[in-house]
Amino acid sequence: MDYQGDIIRPPSEAFSLILQVTTGCSHNRCTFCGAYGAKPFRIKPWSQIEADLDFAATWCRRHTTLFLADGDALALPHAQMVALLQHIRRTLPWIRRVSSYATCQNILARTDEELNEYKALGLSRLYMGLETGHDPTLRAIAKGVDSGRMIDAGWRVRAAGMFLSVTCLLGIAGAECSLDHARATARVLSRMQPHQIAVLTLMLLANTPLYRQMRAGRFFLPDPAGLFEELRCLLAELEPFRTQFHANHASNYFSLSGRLPKDREAMLATIDQALAGVLPLKPEPCRAL
């Protein structure tokens, strides 16, 4: 398999076959993200994608799920995405689920008919980075869309019958707007109603604008207690819709995972233990790399 640069995939795709069809991210402006800064966005040659699928047909027959890398394979032109999904189905007929990252912009650029066609051809899960439902913070981190467009994109994915996983970032609004970010994010998630919510903690990377803002004294990350309060507020203010809730990424101070609404009180109790200092925490992650 041909892999160019570091390959990033969601934790739930740990056992998936990774097929890199693009390099980089078509947006690549978010001030907190250092994943693709040195990797220009481009679509890989079709001949290379075909060669990788031929390799997988021989050597990767135990994989039943497939993840399309890099940052947002949904940036492929519609005809090429259809051809890709058809080729995966022909070459790897045992694959039961194809998934991908997707930016809000690329979701909204698709028609309902196009999204429905992707679902029919096997693309059944999309991972979208909301980061925050707080519009001032969305502007500050250069996501390129507001919360209303995020909600529209999420509903269009769900209307196509796809599984929607949405990522949120603790700390992304800084210490000053921490709880405003938590409340606004809970409101947006409640309106979007994704099948899965994944909560990560911001890690400041040295190759990002947000890191430079921190070094210049213009951005302050909440301390651990502030991050726990932010997480508690977000979880407490979610409306009671059914979803998977995970705050168990390596960036987080402790692992939290359950199903809402049934596990909400147990998860809030765990956060309260952390705030009271009686919950064992991971060694403090490095917040500025």
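Let's start with Arg149, which is partly exposed, with a relative accessible area of 39%. Keep in mind that everything here comes from a predicted model. Arg149 belongs to helix α6, made of residues 147–159. Set aside its neighbours within four places in sequence, and Arg149 touches Cys104 and Leu108. Cys104 is 45 residues away from Arg149 along the chain, yet their C-alpha atoms are separated by 7.4 Å.

**The cysteines**

That brings us to Cys104 itself. At 3% relative accessibility, Cys104 counts as buried. Where is the cysteine sulfur closest to that of Cys104? It sits in Cys30, 11 Å away, and that is too far for a bond. Cys30 is buried too, since its relative accessible area is 14% and the buried class covers values under 20%. For the sulfur of Cys30, the closest cysteine sulfur is in Cys33, at 6.3 Å, again too far for a bond. A disulfide needs two cysteine sulfur atoms within 2.5 Å, and by this rule the count comes to zero disulfides.

**Two helices side by side**

Next up is a pair of helices. Two packed helices are described by the angle between their axes and the distance between the axes. Here the pair is α1, residues 46–59, and α2, residues 78–91. They pack at an angle of about 20°, and their axes are 10 Å apart. That angle makes α1 roughly parallel to α2, because the cut-off for roughly parallel is anything under 35 degrees. As for handedness, α1 passes α2 in a right-handed crossing.

Which residues make the contact between α1 and α2? On the α1 side you'll find Trp46, Ile49, Glu50, Leu53, Asp54 and Ala57. From α2 come Gln80, Ala83, Leu84, His87, Ile88 and Thr91. Sorted by class, the contact of α1 with α2 has seven nonpolar residues, three polar ones and two charged ones.

**Backbone spots to look at**

Another cis peptide bond joins Leu260 to Pro261, with omega near 5°. You can find Pro261 in the loop between β10 (257–260) and α10 (264–276).

Two residues have a positive phi without being glycine: Ala142 and Gln193. Ala142 has phi near 60° and lies in the loop between α5 (135–140) and α6. That α6 is the helix that holds Arg149. Gln193 has phi near 50° and is found in the loop between α7 (178–192) and β8 (196–201).

Are these two buried or partly exposed? Ala142 counts as partly exposed, at 26% relative accessibility. Gln193 is partly exposed as well, with a relative accessible area of 28%.

Here are the accessibility values gathered in one place.

| Residue | Relative accessible area | Class |
|---|---|---|
| Arg149 | 39% | partly exposed |
| Gln193 | 28% | partly exposed |
| Ala142 | 26% | partly exposed |
| Cys30 | 14% | buried |
| Cys104 | 3% | buried |

Conventions
Residues numbered from 1 in each chain as written. Predicted model: local features only at pLDDT ≥ 70, side-chain atom pairs only at ≥ 80, totals over all residues. Heavy atoms only, no water. Axes fitted to C-alpha atoms, helices over the stretch in contact; angles between N-to-C directions. Helix = DSSP H or I, 4+ residues; strand = E, 2+ residues; numbered from the N terminus. Parallel < 35°, antiparallel > 145°, perpendicular 65-115°, else oblique. Left-handed = near helix turned anticlockwise from the far one by under 90°. Contact = heavy atoms within 4.5 Å. Nonpolar A, V, L, I, M, F, W, Y, C, P; charged D, E, K, R; others polar. Buried < 20%, exposed > 50% of the residue type's maximum accessible area, 1.4 Å probe, protein only.
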